[in-house]
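Here is a short briefing on one protein model. Look over the structure first, then read the points by topic.

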Amino acid sequence: MSFALSPSRHIIALVDCNNFYASCERVFDPSLRNRPVVVLSNNDGCAIARSNEAKALGIGMGEPFYKWRHLMETGGVRVLSANFALYGDMSRRVMTVLRSFASDMEVYSIDEAFLALAGLGIADHRVFGGELRRKVLQYTGLPVSVGIARTKTLAKAANQAAKKVPGLQGVGVLLDEEAIRARLEAVLVEDIWGIGRRKAKWLNEQGIFTAEALRRMEDSVIKKHLSVMTLRTVYELRGIACSGLEAVAAPKQSIATTRSFGDEIGGRDELEAALCSFVALAAGKMREQASAALGMQVFIETSPFKSGFYANTAYAEISPATDFTPELMGLSRRLLARIFRGGLRYKRAGVVLLGLVRAGDGPGLYEPAGSTERQGRLMEVIDRLDGEVFWAREQLSNGLRPKQTRRSGRFTSRWNELLQV
């Protein structure tokens, strides 16, 4: 069976940073190169990033620190706390380099981006991918893999090959039927972008184990037993583009800020302060996408690993919708009052802003969303200062911050933490 590939105007590159968090750490600490490196989650709880050397030691993603802590001595593992300020800034630098190659780009995640290559006059896509890798490494110090194909799903498969097949030297190209078929015969269905465990299990029960076998299934069977979205994935495996690049991310419908505390806290004042800090973060993100909230949810939890576990949630509608941080802070305190129980030690809490609408689009004729002009100017100044000033209600004590005993310096965003040579 042969498939009609999308026309040449649909050529997409997926650029993915290799072991991104660990690679960011290596840029500023050369002693980490060629050594097993693990980055821990908030409160130094579990592994959220691993270098290839750490993966080879059997350290699993999400595995609790205490289970493999002994490898620090026996395996020479270097362990670091998450440094999201550094990773976020390094991501922006990578995306800036990528935009110099293709202006039509979709930032898919902190370490991935799709680039539209059609119309760029590329004579050899493998050479182009190699040059892209070289430039990103030169300007940022970060290694990337490049997958080039006519659809996003095939670009993902090409990128996986770029990472796994040494002979490809970090660039996978799937632009002709023979190369596509050979690659998809080596890809298991559970490794296909958009195919989850449940779908993979059902496919295996039908004798479908590879991506190549999946793309040859009958459309009617896929629609009947799986979904239309799965059929779109299959079309993309066949080389038929079903989704283009999203140059601007769609506004989020909700924004959450949640934390597990480094030390459990019992006082209501402390919880109020923590929630106000969460509100400030969430409201700032909301204003970045020019939205205002029509609702708020607050939750608190004690440790699930101790007796007497308690968790509760409170919700309230907001009318008119607002993006004004002090107003949202006041609401979070009132919601906490509904669910707070004295005498308990709380381990986790969070705030979720819901029903987000475009600032200025109110629920009614006389209820404009957003903030007043004066409030808006104040929020603009606060956002521009980017964490240099704080609301008095926020809690600045170290006890409520996540434990980050192994964090490296924020070398690119804090003057007092610049790398010293």
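Alanine 290 is partly exposed, with a relative accessible area of 42%. That value falls between the 20% and 50% cut-offs, so alanine 290 counts as neither buried nor exposed. The model is predicted. The points below start with backbone geometry, then turn to a cavity and a helix pair.

**Backbone: positive phi**

- Most residues other than glycine have a negative phi.
- Alanine 290 has a phi near 55°, a positive value in a residue other than glycine.
- Alanine 290 sits in the loop between helix H13 (268–288) and strand E10 (291–302).
- Asparagine 34 also has a positive phi, near 65°, and is a residue other than glycine.
- The loop that holds asparagine 34 runs between helix H1 (20–28) and strand E2 (37–40).
- Asparagine 34 counts as exposed because its relative accessibility is 68%, and the cut-off for exposed is over 50%.

**Backbone: a cis peptide bond**

- Most peptide bonds are trans.
- The bond from serine 319 to proline 320 is cis, with omega near 0°.
- Proline 320 belongs to strand E11 (residues 311–322).

**The cavity**

- How many cavities of 30 Å³ or more does the structure hold? There is one.
- The volume of the largest cavity is about 50 Å³.
- Helix H7 (residues 152–164) gives the largest share of the lining of this cavity, four residues.
- Lining residues include Thr153, Lys156, Ala157 and Gln160.
- Also among them are Leu184, Val187, Asp191, Ile192 and Trp193.
- Ala211 and Leu237 line the largest cavity as well.
- By class, the lining of the largest cavity has seven nonpolar, two polar and two charged residues.

**Helices H7 and H12**

- Two packed helices are described by the angle between their axes and the distance between the axes.
- The axes of H7 and helix H12 (residues 228–237) come within 7 Å.
- These axes cross at roughly 65°, and the crossing is right-handed.
- On the H7 side, the contact involves Lys152, Thr153 and Leu154.
- On the H12 side, the contact involves Thr233, Glu236 and Leu237.
- By class, this contact of H7 with H12 has two nonpolar, two polar and two charged residues.
- Thr153 and Leu237 take part in the contact of H7 with H12, and Thr153 and Leu237 are also among the residues lining the largest cavity.

Definitions and conventions:
Residues are numbered from 1 along each chain as its sequence is written. This is a predicted model: local features need pLDDT of at least 70, side-chain atom pairs count only at pLDDT 80 or more; totals for chains, interfaces and linings use all residues. Side-chain values use heavy atoms; hydrogens and water are left out. On a 1 Å grid over the protein atoms alone, a cavity is a set of points where a 1.4 Å probe fits but cannot get out, and a pocket is an open set with protein on both sides within 12 Å along at least five of seven lines; lining residues have an atom within 4 Å of a point. Grid points are joined across faces, edges and corners, and a volume is the space filled by probe spheres set on the points. Helices (H or I, at least four residues) and strands (E, at least two) are DSSP runs, numbered from the N terminus. Ala, Val, Leu, Ile, Met, Phe, Trp, Tyr, Cys and Pro count as nonpolar, Asp, Glu, Lys and Arg as charged, and the others, Gly among them, as polar. Axes are lines fitted to C-alpha atoms, for helices over the stretch in contact, and angles run from 0 to 180 degrees between N-to-C directions. A crossing is left-handed if the near helix is turned anticlockwise from the far one by less than a right angle, and right-handed if clockwise. Contact means heavy atoms within 4.5 Å. Buried means under 20% relative accessible area, exposed over 50%, partly exposed in between (1.4 Å probe, protein chains only).
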